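Let's walk through it together, one part at a time.

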Amino acid sequence: MMCAAQAGQRGRRVLLIEHYHKLGEKIRISGGGRCNFTNLHCTPENFLSQNPHFCRSALARYTPRHFIALVERHHIAYHEKTLGQLFCDGSAQQIIDMLKNECDRGGVEWRMPCEVHEIAREGDRFAVTTDEGAYRTQSLVVATGGLSVPKIGASPFGYRLAEQFGLKVVVPRPGLVPLSFDPATLARFGNLSGIAIDAEVSCNGGRFRENLLLTHRGLSGPAILQISSYWRSGDSIEIDLLPGRDAEAWLLSEHSSRMQLDSLLAQALPRRFAQKWCAAHDSIKPINQFSESALKTLAHGLHHWRVQPSGTLGYNRAEVTLGGVDTDGLSSKTMEAKTVAGLFFVGEVLDVTGHLGGFNFQWAWASGHAAGQAA
Ligand SMILES: Cc1cc2nc3c(=O)[nH]c(=O)nc-3n(C[C@H](O)[C@H](O)[C@H](O)COP(=O)(O)OP(=O)(O)OC[C@H]3O[C@@H](n4cnc5c(N)ncnc54)[C@H](O)[C@@H]3O)c2cc1C
């Protein structure tokens, strides 16, 4: 919609084809219904891609300030929730209405719901066969998103089309997704569902300090969603349960205490979690019965708790899809394929994936804007 509105307002004749029966459904369900539409602190470092530089140009030319200006022109009230994340005060529907309105200003036409059956190259044009008729076009912009939440319209169409035209696709996988425990770990921690811990989680170069949530399937919460985009099957994640605190100094300062270790830990961690963690480490006894080296080992364990997730909860629960159309085949200025004039890819279908916190929408707006200026 962002791309269509831009192109239409530039004077291009634009037809937008959507196969689902509703418009902007991902926007409607985003941010708990309030759409976290951008992030004030958006930088290229907030994105994962095989080419981390690809996103720079588009993000620099269409910044959060530009989108905020658009939101303000449409009199949509918003607020910063935390960490630069901007949400509508009212509802995500306001963002959908705003984009529809901008499309109307550009004279964009719609076909919805409408299936695309085939796309073929005919000279310097594309022939698009749909269940509402056939169209010929000079520019074709693919904005079909990722694979997450298939029940509201996600499809691999964009990846197949890229391959049809000789572009590579980085294997897609779920991102910003809860992680699951194996049965043994679930037996230990699964019944702590609902407990939240302020933790620092790291894996494969990613590191996030936010809340971690224990669930009846494994782990979730913002810290885990963030790290899930860095995690690969078979990897362990490392959890600092006492970030910013010197666990060794703390435990040693209590070495003469007759208090049970789990009771001491309950001063800094949720009590039921402290109990289970100590039980899992065979450490339910008074602190004065531990040796100094045992306390040091436990302190290390509290800062470096290693957990090996058994998997993710998959595309039904993932907010985004990692991987996608390989950016090497595209111009970072226009999003046009280097080898197929007139073929553009924007948004999540590309191998550009943002962190949690409004970055994925900012990428959709910025890449859509870049293509909308060129298509
Ligand atoms: C539950 C949830 C919450 C989220 N919350 C946030 C948030 O608060 N902030 C944030 O930044 N990001 C959020 N995201 C991620 C964000 O929604 C996406 O990154 C963003 O919508 C991507 O935009 P897009 O235009 O590339 O793709 P999409 O928004 O997925 O749009 C793609 C469109 O293409 C259509 N389509 C697919 N295949 C075809 C086909 N073959 N023919 C025709 N049409 C087709 C789909 O129906 C869809 O309407 C959330 C995602 C989920 C699942």
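We will begin with the ligand and its surroundings, then turn to the nonpolar cores. Keep in mind that this is a predicted model.

Start by finding the ligand. A shell of 25 residues surrounds it, and the closest are Glu18, Asn36, Ser155, Glu348 and Phe361. What kinds of residues make up this shell? Ten are nonpolar, eleven are polar and four are charged.

Now see where the shell comes from. Helix 2 (25-29) and helix 13 (359-374) each supply at least two of its residues. Helix 13 gives the largest share, with four residues.

The protein backbone also comes up to the ligand. A polar backbone atom of His19 is 3.2 Å from a nitrogen atom of the ligand. At Gly31, a polar backbone atom is 3.2 Å from an oxygen atom of the ligand. Gly153 has a backbone N or O atom 3.5 Å from a ligand oxygen atom. How much of the ligand does the protein bury? On its own the ligand exposes 990 Å², and the protein buries 87% of that.

Next, look at the largest nonpolar core, which has 65 residues. Those with the most contacts inside this core are Phe67, Ile95, Leu343, Phe345, Leu350, Trp363 and Trp365.

Leaving aside neighbours within four places in sequence, Trp365 is in contact with Met2, Ile27, Phe37, Tyr62, Phe67, Ile95 and Leu99.

Finally, another core lies apart from the largest one. This other core has 44 residues, among them Ile224, Ile227, Tyr230 and Leu242.

Terms used: Residues are numbered from 1 along each chain as its sequence is written. This is a predicted model: local features need pLDDT of at least 70, side-chain atom pairs count only at pLDDT 80 or more; totals for chains, interfaces and linings use all residues. Side-chain values use heavy atoms; hydrogens and water are left out. A residue is near a molecule or strand if one of its heavy atoms lies within 4 Å of it. A polar contact is a pair of N or O atoms within 3.5 Å; within protein, one must be able to donate a hydrogen and the other to accept it, and residues adjacent in sequence count only if both atoms are side-chain atoms. Accessible areas come from the Shrake-Rupley method with a 1.4 Å probe; for residues, only the protein chains shown count as cover. Ala, Val, Leu, Ile, Met, Phe, Trp, Tyr, Cys and Pro count as nonpolar, Asp, Glu, Lys and Arg as charged, and the others, Gly among them, as polar. A nonpolar core is a set of buried Ala, Val, Leu, Ile, Met, Phe, Trp, Tyr and Cys residues joined through side-chain atoms within 4.5 Å. Buried means under 20% relative accessible area, exposed over 50%, partly exposed in between (1.4 Å probe, protein chains only). Contact means heavy atoms within 4.5 Å.
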